[in-house]
Amino acid sequence: MKDTRITAYALNELRGDERDKFESDLAGDAGLQGELASASRVADGLAQVMSEPGEGLEPRAREQLLRAIAENQQAFRQRRKMARFAVPVSLAAAASIAVLLWVSGGKTAQAPAVPAADGGGVECVLSGASEGSGEPVKWVSASGEAPEATTAGRTFRLSDRAQVLAATRLENNISMTGVPVRVKPLLWDEQLQRLGSVGSEPP
Amino acid sequence: MTPEQIITAALDRYERVLVSYAREITGDLESARDAVQETFLRLSRQDVVALEPRLRPWLFLVCRNCALDHRRKVVRFSTEPLDDADWVSDEPSPPVRAIAKEDAGRLRELVSGLPRQQRELIRLKFEAGLSYKEMAEALRTSVSTVGVQLHDAIKTLRRQWLKNDPGMMTT
């Protein structure tokens, strides 16, 4: 019968209950003891024979390898630093946008829709008023990611196209702290009419 | 330890064992050295600190793959087709040259006569000191398979090495 426990025990690979059971079996079995003795002797012989050091790398190749290892590890650390820096910046940007939208949504002052000078524009307006001046401030949802905008008290869902337009019309100095920034009017987008919520009348 | 220190320590400790292990697969020393260098280059591109708890089986697994790649590259330029089935065949390797008459030499010769898979396990266990679990991880097999194959190898060696020893019972 193939008892792989013999070799596993000789190589110190049996653990816990399995080892206890084997040792219990050993106690009353002379044949098993003999097999274990010979397996242990072979294992001891192999440990001696196989432990003799063999060939290694050539010294020059080894030096080049160590240099390459140092360079690769440096590159790895650089990549890791860049990855660590990118995540908080993205999170901060997303948080600022969320705060901006939340703040604007909580204010009560509503600015009426103002048609653009070219005759086709409707501003997507987030309600609010600039602090101190009382002047209505109009701004577009930052980067076009907000799903909704309010115009003249009515809520639109921005179409993908409108979001792209919004993003491209944003002024470059949009504040990351959530302070509203005056932006240019958007062109009228017929899709605003077709979207789920009530839309304002085109000019 | 810094990552570089971990890698350097691993190189100091496992360089020769890995070259010997790879040589068993590639059949020649230079390809074996190339495989080991490639192994440590790949290690240097990893998060070594995270890898450290299982570094040893990782080294042998990657070294094995690199050695097999080298072996396949050699085969592509040869006229004889060779597939992985030959790697797992039961054919013994060519006999080791200049075998001494004492027991150690005889035992080493007997090891070289084992099937390839069993020789590989013997090297991983007795040259590299891997546990069953680490060997299973390096060879992408189960612990029980490692146990069975190693048992068969030891049993064969017991029978052949100790057959003339009156004090030992063998099956």
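This is a predicted model: local features need pLDDT of at least 70, side-chain atom pairs count only at pLDDT 80 or more; totals for chains, interfaces and linings use all residues.
Tutor: Residues are numbered from 1 along each chain as its sequence is written, chains are lettered from A and ligands numbered from 1 in the order written, and side-chain values use heavy atoms, leaving out hydrogens and water.

Student: Why is A:Glu13 called buried?

Tutor: Its relative accessibility is 17%, and buried means under 20% relative accessible area, with exposed over 50% and partly exposed in between (1.4 Å probe, protein chains only). So A:Glu13 counts as buried.

Student: What makes the pairing of A:Glu13 with B:Lys125 a polar contact?

Tutor: Their side chains come to 3.0 Å. A polar contact is a pair of N or O atoms within 3.5 Å; within protein, one must be able to donate a hydrogen and the other to accept it, and residues adjacent in sequence count only if both atoms are side-chain atoms.

Student: What does A:Leu46 touch, leaving aside its neighbours within four places in sequence?

Tutor: Contact means heavy atoms within 4.5 Å. The partners of A:Leu46 include A:Ser51, B:Leu107, B:Ile122 and B:Leu157. A:Leu46 is also among the residues with the most contacts inside the largest nonpolar core, which has 68 residues. That kind of core is a set of buried Ala, Val, Leu, Ile, Met, Phe, Trp, Tyr and Cys residues joined through side-chain atoms within 4.5 Å.
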